[in-house]
Amino acid sequence: MNDAELRLALVLEASGKGLWEFLPAEGLVLQHPAFLALLGLPPRAQSEPVDAFFARIHEEERRHLVNALFEATEPFELRLRIRHADSSWRWHRARGRRVG
C-alpha cells in the first residue's frame with residue numbers, strides 16, 4: 001500500500017464512510033475495505049461482478065442506482081438499502097458522479 005492509499009484508508013476509517021468504484025467496461029465494482037466493513041464483510045479490497053453488487057441493493061432502490069450510474073450527467077446522491085452480512089437491510093447514502 002502506497003502513502004496515498006494509506007491516507008485514504010485512514011480518512012475513510014475515521015469518517016465511517018466507504019468507497020466503491022463502478023467499472024462498467026470491465027463489468028466490475030471495486031470495493032474499498034472501508035465499504036466492505038460497513039456491510040459486515042471482511043475489510044479487504046476486492047472487486048466483484050456488477051450483477052453480484054446490484055443484487056445486494058434493495059430492489060426498490062436498485063433502479064435508481066442503475067439510472068444514476070448510467071444516465072446521470074450531474075453528481076448524484078441516493079439513499080439505498082444494502083444487504084448486510086447478517087442478512088438485514090441497512091440504509092446507506094450513496095454519493096457519486098460519472099467520470100469519463
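A residue is called buried here when its relative accessible area is under 20%, exposed when over 50%, and partly exposed in between. The structure on screen is a predicted model.

**Whole chain**

Start with the protein chain in cartoon view. It has four helices and five strands, in the order α-β-β-α-β-α-α-β-β along the sequence. The C-alpha trace spans about 35 × 35 × 25 Å along its principal axes. The radius of gyration is 13 Å, which agrees with the value near 13 Å for a compact globule with 100 residues.

Switch to a surface. The protein chain exposes about 6,800 Å², and carbon and sulfur atoms supply 52% of that area. Of the 100 residues, 30% are buried. Colouring by charge brings up 14 positive and 14 negative charges, whose mean positions are 5 Å apart. For contacts between residues at least 6 apart in sequence, 25% join residues at least 24 apart.

**Aromatic cluster**

Next, select W20, F22, F35, F53, F54 and F70 and show their side chains. These residues form one aromatic cluster. A pair of aromatic rings is described by the distance of the centres and the angle of the planes. The whole structure holds five aromatic pairs; two of them follow.

Zoom to W20 and F53. Their rings form a tilted pair, 4.8 Å centre to centre with 50° between the planes. W20 is in strand β1 (residues 20-23) and F53 in helix α3 (residues 50-55), so the pair links distant parts of the chain, 33 residues apart. Is F53 buried or exposed? F53 has 2% relative accessibility, so this residue counts as buried.

Move to F22 and F70. The ring centres of F22 and F70 are 5.3 Å apart and the planes stand at 80°, so this pair is edge-to-face. F22 belongs to strand β1 and F70 to helix α4 (residues 59-71); the pair therefore ties together parts 48 residues apart in sequence. The two partners can be set side by side: F22, at 15% relative accessibility, counts as buried, whereas F70, at 45%, counts as partly exposed.

**P33**

A C-alpha to C-alpha distance drawn between P33 and F22 reads 15 Å, for residues eleven apart in sequence. Which residues does P33 contact, leaving aside its neighbours within four places in sequence? P33 is in contact with P43, R44 and A45.

**H58**

Go on to H58, in the loop between α3 and α4. H58 has 11% relative accessibility and therefore counts as buried. Show R81 and W89 as well: H58 touches both, not counting residues up to four places away in sequence.

**S87**

The last stop is S87. Where does S87 lie? S87 is in the loop between β4 (76-83) and β5 (89-96). Its relative accessibility is 49%, so S87 counts as partly exposed. Check the backbone here: most residues other than glycine have a negative phi. At S87, phi is near 80°, a positive value in a residue other than glycine.

Technical notes
Residues numbered from 1 in each chain as written. Predicted model: local features only at pLDDT ≥ 70, side-chain atom pairs only at ≥ 80, totals over all residues. Heavy atoms only, no water. Phe/Tyr/Trp six-rings, centres within 6.5 Å; stacked < 30°, edge-to-face > 60°. Helix = DSSP H or I, 4+ residues; strand = E, 2+ residues; numbered from the N terminus. Buried < 20%, exposed > 50% of the residue type's maximum accessible area, 1.4 Å probe, protein only. Rg over C-alpha atoms; globule rule 2.2 N^0.38 Å. Contact = heavy atoms within 4.5 Å. Areas by Shrake-Rupley, 256 points an atom, 1.4 Å probe, with all protein chains shown as cover. Lys, Arg positive; Asp, Glu negative; His and termini not counted. Charge placed at Lys NZ, Arg CZ, Asp CG, Glu CD.
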